[in-house]
Amino acid sequence: MERSKFMSCSWLQVDGAKELIRGDKQPSEAIAKLMRYMLDTYALAAVRIHQPASRKNSTQVTHELLGDRTIPRRLNQVITLPSDYVRSLDTPEFRIKIYDNSTEPNPVSGSVNEKYVTIFLKQIFNGEFSGILELTLPDETRYPSEKDEDVLVALGNLMFEQILLYEKKSTPSIHGSSGEVLDYLTGLHRYETFVDNLDTKISELVDDDHALVIVCSDINHFKLVNENLGYRKGDELLRATGQIILEIPDLVDACRFYSDNFIMAVRSSSPDISRIRSRIESNNQKNSEALQVMCSDTQIRINSGIYVITDPKLDAASAISYANTARKRAKVFNGVHAVVFTEAMIEELRRSDELNNELPKAIRNHNIMVYYQPKISCADETITGAEALVRWRRDDGSFIYPDQFIPQFENNGNIIRLDYFVYDEVFKFLRNRLDNNVSVVPISMNVSRRHLENEDILFYIEHLINKYDMDPKYLEFELTESIYIDNVEPALNFISRCNQMGIKVSMDDFGSGYSSLNMISSIPIDVLKIDGVFMHRGKTLNDNDKIVLNNVINMAKELKMVVLCEGVETREQVDFLKEAGCDVIQGYFFGKPMPETDFEEFMEQFA
């Protein structure tokens with residue numbers, strides 16, 4: 001690509017930046033001003049600051065300012081750097097790396113925003129790698145000249161001077177008694193130091209009378225603290241958590257892994273797992289209450305995963321991995337729970353790794369397929385829509401069932417990649433039918449709780465709408481009842497943005513858990529999907545089922561919602577739901593989930 005247009009940087013801009021922050025007493029305010037100054041001065045699409053993360057060859061995005069809403073947010077994410085960039089960190093003369101996304105996607109935003117050019121400026125202070133200033137240009141023809149690079153490096157140095165001032169002000173000392181560098185916010189060890197220390201202490205502290213307990217913990221809803229109360233409040237919460245950890249009795253060592261993830265090693269005089277678990281849960285409850293005082297508007301809960309080391313020959317990395325696996329299980333309970341790692345989880349880990357490794361190939365080879373289950377109008381029994389569901393077929397023709405891989409991908413985040421593939425296939429299917437002037441019905445797609453951790457899904461939906469020139473009236477997204485309950489604020493934001501785009505949103509699996517009528521009245525959903533649990537797998541409806549269904553349907557209708565009932569398998573159920581006022585039926589009575597070609601034939605029959 002011809003580099004025909006330069007950024008036109010000037011040393012006057014450096015002077016202007018210095019003048020802008022002159023007299024600022026708070027480094028955090030100076031950082032924010034400098035980021036905005038660079039975004040506006042150079043008409044950038046994004047400015048990000050990366051700082052070294054505990055993981056090897058990784059950085060964490062600690063500050064972010066976006067000028068382009070289509071760029072996915074990456075705040076707080078840990079980024080593994082490309083090998084060529086890692087090798088260059090120790091090369092003094094290297095200072096800048098330019099990623100042309102059309103040929104080489106940058107490691108932060110990936111390949112979604114292909115038109116952008118991204119500049120990574122390495123920051124070195126006192127001979128050590130201190131971080132990266134990342135600038136994203138919205139026009140692929142704009143590149144920095146050699147003079148421009150000099151100016152950008154100077155601005156980057158000015159930015160990181162404020163970063164170091166901020167860290168120094170936040171933590172009086174970031175060095176331990178032995179001179180090792182500590183986590184700048186909490187005063188705990190960094191991950192690498194913690195692992196090294198633990199490897200030497202396991203053999204010393206584990207014997208017939210003592211166990212070493214590894215506890216991996218995180219703070220539920222920590223991102224909401226940052227988003228709603230500001231990053232200063234988030235930093236205060238992390239510092240307070242570090243102080244609480246340092247006061248734990250029998251603490252051997254501790255570290256902040258990244259963000260709000262902490263790891264502790266505690267010596268126990270008893271290997272009794274139930275007693276250890278009870279002790280950790282009690283501590284979590286007490287510590288959650290202490291932190292809650294700092295954030296009255298956000299519910300604070302600490303979840304923990306536990307691994308009890310009884311083998312003095314075990315390595316630290318394995319013990320931490322086991323405890324972290326249990327931590328992910330604990331998050332499912334959405335309370336101050338502590339889950340102990342068991343041997344049964346090892347097989348799950350192995351299977352999870354296999355599925356993770358197989359997923360990219362399965363997508364490339366079309367082993368991952370989208371099936372469609374019809375939705376039928378109660379009024380005239382014609383097709384009114386469909387739900388997109390994922391199926392995984394092996395090369396030998398056998399299937400891996402969704403309950404075997406969906407929970408795994410929910411835990412490790414691969415569900416996002418899988419869902420994005422499904423979304424793209426659905427959009428492609430709709431576009432093909434529209435182009436061929438054949439009948440089209442709205443398709444609903446499932447949304448994982450993982451998608452609500454940031455707004456990337458909304459940007460991706462907008463990207464697909466533009467890519468396929470899609471009318472939003474053909475789109476619907478489904479969130480389960482439990483997702484609404486556990487993620488109220490992110491769910492409301494998602495619904496609001498979908499409404500603005502003209503996309504319908506439904507609540508799936510209503511009645512499968514602890515339904516909240518107050519929640520139903522306060523969340524502006526379009527469709528209420530009543531869980532098939534009321535259908536009892538095709539059995540005759542009893543009087544109590546009919547009373548509940550009648551009342552739920554009436555309530556939803558009064559709230560101006562479309563009512564859909566799942567799991568319908570008999571004519572008796574169809575007739576009852578028609579009489580009760582249900583709008584739409586989904587279930588085996590009319591059609592199971594089916595491949596695309598079968599669904600197209602089905603549409604012709606029920607049009």
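In this predicted model, the side chains of Glu425 and Lys428 come together in a salt bridge, with 3.2 Å from N to O. Both residues sit in helix H12 (residues 414-435), three residues apart, or about one turn of the helix. Glu425 is partly exposed, at a relative accessible area of 24%, and Lys428 is partly exposed too, at 34%.

Arg36 and Asp40 make another such pair, their closest N and O atoms lying 3.5 Å apart. These two are four residues apart in helix H2 (residues 27-41), so about one helical turn separates them. Arg36 has a relative accessible area of 39%, which makes it partly exposed.

Lys557 and Asp583 also meet through their side chains, in a salt bridge of 2.6 Å from N to O. Here Lys557 belongs to helix H17 (residues 543-558), while Asp583 is in the loop between helix H18 (571-580) and strand E22 (584-585), so the pair ties together parts 26 residues apart in sequence. Lys557 is partly exposed at 34% relative accessibility, and Asp583 is partly exposed at 23%. Elsewhere, shared partners link Lys375, Glu387, Glu476, Glu478, Asp508, Lys529 and Glu566 into one salt-bridge network. Over the whole structure, the search turns up 24 salt bridges.

Turning to the strands, five of them make an open sheet of mixed pairing, ordered E10-E11-E9-E12-E13. Strands E10 (251-258) and E13 (338-340) are the edges, each pairing on one side only. From one strand to the next, the twist averages 20°. E10 runs antiparallel to strand E11 (residues 261-268), and six bridges join the two; Ala254 stands opposite Met264 in E11. Helix H5 (residues 191-205) lies across E9 (211-220), E10, E11 and E12 (301-309), at about 150° to E10.

Key. Residues numbered from 1 in each chain as written. Predicted model: local features only at pLDDT ≥ 70, side-chain atom pairs only at ≥ 80, totals over all residues. Heavy atoms only, no water. Pairing = 2+ DSSP bridges. Axes fitted to C-alpha atoms, helices over the stretch in contact; angles between N-to-C directions. Contact = heavy atoms within 4.5 Å. Salt bridge = Lys/Arg side-chain N within 4 Å of Asp/Glu carboxyl O. Buried < 20%, exposed > 50% of the residue type's maximum accessible area, 1.4 Å probe, protein only.
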